[in-house]
Amino acid sequence: MKISIVVPVYYEGESVRVAHDGITRVLRDRLPQYDFELIFVDDGSGDDSFSHLSALAADCPYVRVMKLAQNVGSHMAIRAGLEHATGDVACFLACDLQDPPGVIPQMLDALKAPVQIVWAVRNSRRDSVTSKLASKIFFGLARALVSKNLPPNGASMFLLGPEALRSVGRYRERNLTLEGLFATMGFPQAYVTYERGERVFGKSKWTMAKRLKLFADFFVGYSYTPIRMMSFFGLAVAALGFVYAIIVLLNKMIRGKPIQGWTSLMLVLLIMGGVQMTMLGVIGEYVWRALDETRKRPRYVIQTILNEPADSVHKSFEIER
């Protein structure tokens with residue numbers, strides 16, 4: 001059996017060699033019965049990452065390197081690697097090795113029929129209090145609105161069995177998340193737990209803008225709840241407005257109380273204007289994604305592939321077409 005390890009690379013430089021050494025040490029020492037390939041996907045890095053990857057590929061024939069023409073995000077980069085994997089099963093992990101390669105044997109042990117997807121779930125988070133709170137809220141909402149398959153603390157490593165790996169390329173959406181994809185694919189799943197390590201080199205590229213995009217992609221891409229909530233909220237506000245209008249008219253007709261209140265009127269206008277803009281924004285997220293899909297633009301463009309097997313040329317063409 002052969003296992004493919006996919007590693008997204010973005011401004012990692014010399015750390016790719018450290019990642020390679022750490023992963024291959026685990027594979028050779030603890031999984032000698034497996035053939036393996038390492039697929040490093042350069043996600044449009046602007047530093048010397050590709051030169052380090054090229055040297056690595058020249059030294060190690062089992063190392064495949066895919067250089068993308070531009071940065072498309074780690075989730076899409078991982079999907080590119082999975083779609084070009086030649087292994088029977090596939091796993092991916094970050095280049096900084098915060099998610100330790102030593103978890104891979106545990107994940108393989110859990111990959112027993114009928115299980116096709118194994119999540120590596122963090123026992124705890126060593127982030128700041130605000131990050132922990134934000135993560136807890138995010139995954140709490142995700143489990144309630146998208147799928148109960150999502151673990152409360154999230155996961156950064158996954159192992160895909162043969163059926164799940166073959167199915168990845170069938171999902172053509174441009175704006176999806178790996179967690180949402182695997183949670184909703186429908187295959188039987190299993191979990192293993194691990195302790196996430198500290199970052200020992202490099203800096204996190206996980207910016208606030210990327211967090212917000214992930215949030216939008218997750219809930220808009222896998223749930224109609226946001227737009228349904230806006231509909232219900234709109235009906236509730238309209239009902240309240242109708243009731244308030246009746247009260248005002250009755251006060252005028254029965255008690256002779258004059259209709260007044262410039263300040264209250266402005267407050268209502270401002271609040272309702274904000275609500276309407278929010279609703280339009282939610283609708284716009286769905287409409288924009290529909291437009292993005294109808295244009296049929298390539299999800300990623302591969303600039304260079306190093307050590308590509310001869311039998312994967314046709315497969316790559318089919319996937320990108």
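This report describes the fold, strand pairing, salt bridges and selected surface and loop positions of a predicted model.

## Basis and overall composition

The model is predicted, so local features need pLDDT of at least 70 and side-chain atom pairs count only at pLDDT 80 or more, while totals for chains, interfaces and linings use all residues. Residues are numbered from 1 along each chain as its sequence is written, and side-chain values use heavy atoms, with hydrogens and water left out.

The chain has 11 helices and 8 strands (DSSP runs numbered from the N terminus, helices being H or I with at least four residues and strands E with at least two). Of its 321 residues, 43% are buried (buried is under 20% relative accessible area, exposed over 50%, partly exposed in between, with a 1.4 Å probe and protein chains only). The accessible surface is about 17,200 Å², and carbon and sulfur atoms hold 62% of that area (Shrake-Rupley method, 1.4 Å probe; for residues, only the protein chains shown count as cover). Among contacts with a separation of 6 or more, 84% are between residues 24 or more positions apart (a contact is heavy atoms within 4.5 Å).

E3 runs parallel to strand E2 (residues 35–42), with 5 bridges between them (strands pair if DSSP finds at least two bridges between them). Aspartate 42 has lysine 67 of E3 as its bridge partner. From E2 the chain passes through helix H2 (residues 49–59) to E3 in a right-handed β-α-β crossover (right-handed means that, with the strands pointing away from the viewer, the path from the first strand over the helix to the second runs clockwise). E3 is also joined to strand E8 (residues 302–306), antiparallel, by 4 bridges. Here methionine 66 stands opposite isoleucine 305.

Strand E5 (residues 117–122) is largely enclosed by the rest of the structure, because 6 of its 6 residues are buried. Ile117, Trp119 and Val121 are buried on one face, and Val118, Ala120 and Arg122 are buried on the other.

E5 pairs with E6 in the antiparallel sense over 5 bridges, and valine 118 stands opposite leucine 159 of E6. With strand E7 (residues 189–194), E5 forms 6 bridges in the parallel sense; tryptophan 119 stands opposite tyrosine 191 there.

## Salt bridges

The whole structure contains 8 salt bridges (a side-chain nitrogen of Lys or Arg within 4 Å of a carboxyl oxygen of Asp or Glu). One of them joins arginine 17 and aspartate 59, with the closest N and O atoms 3.4 Å apart. Arginine 17 is in helix H1 (residues 15–30) and aspartate 59 in helix H2, 42 residues apart. Arginine 17 is partly exposed at 33% relative accessible area, and aspartate 59 is exposed at 53%.

Lysine 67 and aspartate 42 form another salt bridge, at 3.6 Å from N to O. Since lysine 67 is in E3 and aspartate 42 in E2, the pair ties together parts 25 residues apart in sequence. Lysine 67 is buried at 13% relative accessible area, as is aspartate 42 at 0%. In a further pair, arginine 299 and glutamate 83 have their closest N and O atoms 3.0 Å apart. Arginine 299 lies in the loop between helix H10 (262–294) and E8, and glutamate 83 in helix H3 (residues 74–83), 216 residues away. Both residues are buried. Salt bridges with shared partners also join Lys2, Glu37 and Arg64 into one network.

## Loop positions and a surface patch

Proline 188 is in the loop between helix H7 (178–184) and E7 and is partly exposed at 34% relative accessible area. Its C-alpha atom is 8.7 Å from that of alanine 113, 75 residues apart along the chain. Beyond neighbours within four places in sequence, proline 188 contacts Pro114, Val115, Gln116 and Ile117. Serine 147, in the loop between helix H5 (129–145) and strand E6 (155–160), is buried at 11% relative accessibility. With the same exclusion of neighbours within four places, serine 147 contacts Ala142, Ala183 and Thr184.

A nonpolar surface patch of about 840 Å² accessible area consists of Phe242, Val243, Ile246, Ile247, Leu249, Leu250, Met253 and Ile254 (patch residues have over 30% relative accessible area and no salt bridge; like charges are joined within 9 Å, and nonpolar side chains, Val, Leu, Ile, Met, Phe, Trp and Tyr, within 5 Å). Leucine 250 is in helix H9 (residues 225–255) and is partly exposed at 42%.
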